[in-house]
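User: I would like to learn how to read a structure with two chains. Could we take the features in turn?

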Amino acid sequence: MSDRVADPWGERTPYGRGARWPVRVDVQLADGLSVGEVDSWTQSASLLHSNGDAMDIAVKDGRIAGVRGRATDRVNHGRLGPKDLFGWQANNSPDRLTRPLVREGGRLVESDWDTALGRVVDRSRELLDGPGGWGRFGFYTSGQLFLEEYYALAVIGKAGIGTPHMDGNTRLCTATAAASLKASFGTDGQPGSYTDVDECDALALWGHNVAATQTVLWSRMLDRRRGTDPPAMLAVDPRHTPVAREADVHLAVRPGTNVALLNGLLREIIQNGWYDESYVAAHTLGFESLARIVDGYPPERVAEICAVSATDVRRAAELLGGARRLLSTVLQGFYQSNQATAAACQVNNLHLVRGMIGRPGAGVLQMNGQPTAENNRECGADGDLPGFRNWANPEHVGQLARLWNVDQGIIPTWSPPTHAMQIFRYAEQGSIRFLWVSATNPAVTLPDLARIRRILDQEGLFLVVQDLFLTETAQFADVVLPAATWGEKTGTFTNADRTVHLSEQAVEPPGEARADLDIFLDYARRMDFRDRAGNPLLPWRTPEEVFDAWRACSRGRPCDYSGLSYAKLREGSGVQWPCTDGAPDGTERLYTDGQFHTDPDYCETYGQDLLTGAEFTGDEYRAKRPGGRAFLHAVDYQASPEVPGAEYPLRLVTGRSLYHFHTRTKTARAPELNAAAPDVWVELHPSDAAAAGIGDGERVRVESPRGAVTAPARLSGVRPGVVFLPFHYGWWDSADGPDGRAANELTLTAWDPVSKQPLFKSAAVRVTRTEG
Amino acid sequence: MHVAHYLGLQHRAEANLADAFRQVAAAHAAEADVFHLTGKLAAQCDQHVERLAPFIETYSAEAPDEPERLHADLFAGARSGGLGLLRDLHDLYLMASYADITWTVLGQAAAGLRDGDLAAVVAACEQETSIQLAWLRTRMKSAAPQALVVA
């Protein structure tokens, strides 16, 4: 095998349209260990990105000693990316948390589970006592737990404590995917499938640097591009990513202008008659309004707003309009940018007006950023109700109340579940006084970190942090709970194309660390949450019992797991939901018959206004008579909430490195990955650098109205007027504490009105050369 | 003919609403969504004012006198805190409702006048005012339990 740090995508295995993607099994073992010496292999999948690459974990002498891709799995056909090949080493890291910690005299000291959970329970009981006690609690969870853990947490929050204040950092990565799918198609649920890469004749990547975010999916796309009959390719990205370099047409748009671009592209499609009139008539609502709005965006106007050439806009429209099997993928360039939900909906619209959905090769993939983000959306430990149920539909809430045997009134559905930024706002106001953070690191990941540090450090906020390591966030905690992770616990998770994998325990967790599920169930037992019959609200002891409860909860909903079981997942490999008695092998694509999930009794939302987020009522929704048709939403372009000016003349976009995940808690503890990207850098266009007198490699200070980051400059990679910073770098591995290394020192507190996803890609900044 | 009277009411209602949105934005800047959105909605009200201007000119000659001030001052400065936010949004809601019903009346006048241009402006602006109301209702509904029960 080649050096997979230098060659992240590995050798090409070209294939032609409609052929099966060749198998290539990637293996990485501890130094000196051969395959024959491995004691055992345990079935799992990747927890370091959202692609769901299936693998087996090698065990030697009770320790994780490597990984091997699963050749039979539908997602990766044996391949693994660099983060998976090397990231497993973090499990064995000597600085894992092995005992609970509690704060004593201002310091975190080692403790035991009874003491630590005892404090959590005492504080919980004290706060729950009296009317409105639910409002004192906030739960901020992750995109990295397992399905069973999210579901247990959702039941604790919604039926135990009865609080709407529960969200995940999925809000930062995948909320817009969910919001746009709900808005267009009636419920969440990925329409397309990775096999659409095998069948498509055109690929459009919208703000999606797949080469870094899902390396194995990019390998699949590259293999098509190198095979016979390759797909045409469009990339929309202000950065000159590997994807942009590969594309036939690259639109390096000015950040924050995606809606204007899409409006212009749709205008060309409609004006040139490249839309499917009969599909539009039979399966959509709102075409006239869409056509009217996009009519205001001729290529010349788009060129001016987006800072691209009108010729390239036309070329892109021709590529999209001429395709017979178009596959689109969308990610953070849209989701974390101005008018996020509206822009993502416009990609859905493109597919709807062209009738390019639900057929092999013709599909939409609204991607996820994190490995188990999908499960958080399904299980409702974020801003959703379990099973993609509609919080505004009393019948849906009643289903949950019956399932859990609780009074329907305890389930908080007076308004949508509280989104992450609002949870932190309530904590800032002293209204929320108990915050339980599991498997994420808001001290590095949320916008405007100086503010977030003040909130986490605030007197009167009881902070519980559940993690593998003493993260930047954990250092603020009152109680730290040591968690087991991937390979040390059993559970399931689901990737961006609805493929469910089982990930089994291969080794024991270190010290006293416990599976997140065990921690949640222990808390529920100690809190003595009960149902109406007086039985434990969470009666489960094992992940499999929770999974079976989830199967019942998901039955009849779009994310139907009722036909799945641990046994079935163990026998085979990944299976796509919905998986039912009628579709025991899972379901490749949604909406193959053009019937969407918009029936008022079935839909997950009654809809929102895309410019304000105003909620529509059930009566208003029913009056539209959707009858299984999809919604074509369109809005005008509006400028970002923060635009460059004289003082801060450049636009900041933040994003990922190929070699790191989240805040590097795992990836920086894998030597090869850490060496590949050891510290933060800043990308500038040579013209902007020249204007500021900055040479390649020189240290520069990037400042916004909120903070500053200092890093060496790379004079490449971005369009003029744009500054790029990777967001992975906090200060846990730096001696000086918060030291101007985290990109989110600069970002602003603002979010999309519909998805509530923070607008990480819209801060105005300036750059200066630092002295010396 | 009293059309100018209602054009004047609408004009003032939108100008007052724009001003109130801006005051709320300034007073509640720590509520990021309220801050950014009320700024946008204030600009929307400014546009409504601009779009009314030509009709005020057209019909002013027929106005018997200056439009009288029918509505009370609904908004007398922003408050602070969670309850303060709720009360301020509540005031905005009442002001937007006033603008909304005034659009309805003006729309009827436009029909009676057979003034298609005025009818088109009323229809477009009325739609935006109705979304402003829906947003205020949505935001107040989500804020109310925390502000009133938890605090």
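User: Which residues have the most contacts inside the largest nonpolar core, and how many residues does this core have?

Analyst: Bear in mind that this is a predicted model. Its largest nonpolar core holds 233 residues. Those with the most contacts inside it are Ala152(A), Leu234(A), Leu265(A), Leu320(A), Val723(A) and Leu725(A). Helix α3 of chain A, residues 147–161, supplies the largest share of this core, with 10 residues. Apart from it lies another core, of 37 residues, including Leu9(B), Ala25(B), Ala99(B) and Val121(B).

User: What is Leu234(A) in contact with, leaving aside its neighbours within four places in sequence?

Analyst: With those neighbours set aside, Leu234(A) is in contact with Ala204(A), Ala247(A), Asp248(A), Val249(A), Ala316(A), Leu319(A) and Leu320(A). Of these partners, Leu320(A) is also one of the core residues named above.

User: How do I read a sheet, and what is the strand order in the one with β18, β19 and β20 of chain A?

Analyst: Strands of a sheet pair through backbone hydrogen bonds, either parallel or antiparallel. Here the sheet is open, with the order β18-β19-β20 in chain A and antiparallel pairing. Its edge strands are β18 (491–494) and β20 (575–576), each of which pairs on one side only. Strand β19(A), residues 499–503, pairs with β20(A) over two bridges. Thr499(A) has Gln576(A) in β20(A) as its bridge partner.

User: What elements does chain B have, and what is its extent along its principal axes?

Analyst: Chain B has four helices and zero strands, in the run α-α-α-α from the N terminus on. Its C-alpha trace spans about 55 × 25 × 20 Å along the principal axes. Of the 151 residues, 38% count as buried.

User: Is Leu83(B) buried, partly exposed or exposed?

Analyst: Leu83(B), found in helix α3 of chain B, counts as partly exposed because it has 15 C-beta neighbours inside 10 Å. Ala143(B) is 60 residues away along the chain, yet the two C-alpha atoms are separated by 8.6 Å.

User: How many residues of each chain take part in the contact between A and B?

Analyst: The size of an interface is often given as the accessible area lost when the parts come together. Counted by residues instead, 22 of chain A are in contact with 17 of chain B. The chain A side has 10 nonpolar, eight polar and four charged residues.

User: Where is confidence lowest and where is it highest among the helices of chain B?

Analyst: Where pLDDT is low, the predicted coordinates should not be read in detail. In chain B the mean pLDDT is 92, and 91% of the residues reach 70 or more. Helix α1(B) is lowest, at a mean of 94, and helix α4(B) is highest, at 97. The model as a whole scores ipTM 0.95 and pTM 0.97.

Key: Residues numbered from 1 in each chain as written. Chains lettered and ligands numbered in written order. Predicted model: local features only at pLDDT ≥ 70, side-chain atom pairs only at ≥ 80, totals over all residues. Buried ≥ 20, exposed ≤ 12 C-beta atoms within 10 Å, placed from the backbone. Contact = placed C-beta atoms within 7 Å. Nonpolar A, V, L, I, M, F, W, Y, C, P; charged D, E, K, R; others polar. Pairing = 2+ DSSP bridges. Core = buried A, V, L, I, M, F, W, Y, C linked by C-beta atoms within 7 Å. pLDDT = per-residue confidence, 0-100.
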